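Visitor: I am new to this structure. Please show me how to read it.

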Amino acid sequence: MASHQQPAVHQRPLQQDWANREYVEVITGSIKKITDFLNSFDTSCRSRLAVLNQKLTELERRVEYIEARIAQNETLSENHIEEIEIGSENFV
């Protein structure tokens with residue numbers, strides 16, 4: 001009987017070891033999936049932010065161009081008004 005108890009006693013730690021290995025494998029697989037998702041999410045976000053940055057840069061250029069045109073028109077209008085005022089003084 002003593003010889004029958006020996007294998008059972010040795011099998012418990014062995015079964016526990018396999019159970020622990022399976023658990024570790026499941027956890028490792030889950031961590032890999034999470035890591036893959038986060039890397040994919042990071043790549044996606046960086047790509048979208050790059051596109052958004054390009055669009056914002058284009059809009060900033062357009063705004064600067066429009067502001068320059070408005071400033072130029074205001075300057076031209078002021079010069080035109082001054083010319084008209086100077087011209088009207090000559091007729092007086």
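Here is a short tour of the fold, the surface and the salt bridges.

Guide: First, a caution: this is a predicted model.

Visitor: How many helices and strands are in the protein chain?

Guide: The protein chain has 1 helix and 0 strands. Helix H1 covers residues 2-91.

Visitor: What share of the residues counts as buried?

Guide: Buried means under 20% relative accessible area. Of the 92 residues in the protein chain, 0% fall in that class. The chain exposes about 9000 Å². Carbon and sulfur atoms supply 59% of that area.

Visitor: Which residues form a nonpolar patch on the surface?

Guide: Tyr 23, Val 24, Ile 27 and Ile 31 do. Together they have about 400 Å² of accessible area. Ile 31 lies in helix H1.

Visitor: How many salt bridges are there?

Guide: Start with the general idea. Side chains of opposite charge can pair when their charged atoms come close. Here the count is 3. Asp 17 pairs with Arg 21, with the closest N and O atoms 2.9 Å apart. Asp 42 pairs with Arg 46, at 3.0 Å. Glu 58 pairs with Arg 62, at 3.4 Å.

Visitor: How are Asp 17 and Arg 21 placed in helix H1?

Guide: They are 4 residues apart, so about one helical turn separates them. Asp 42 and Arg 46 also sit 4 residues apart in helix H1. Glu 58 and Arg 62 are likewise 4 residues apart there.

Visitor: Is Arg 46 exposed or buried?

Guide: Arg 46 is exposed, at 59% relative accessibility.

Technical notes
Residues numbered from 1 in each chain as written. Predicted model: local features only at pLDDT ≥ 70, side-chain atom pairs only at ≥ 80, totals over all residues. Heavy atoms only, no water. Patch = residues over 30% accessible without salt bridge, like charges linked within 9 Å, V, L, I, M, F, W, Y side chains within 5 Å. Areas by Shrake-Rupley, 256 points an atom, 1.4 Å probe, with all protein chains shown as cover. Salt bridge = Lys/Arg side-chain N within 4 Å of Asp/Glu carboxyl O. Helix = DSSP H or I, 4+ residues; strand = E, 2+ residues; numbered from the N terminus. Buried < 20%, exposed > 50% of the residue type's maximum accessible area, 1.4 Å probe, protein only.
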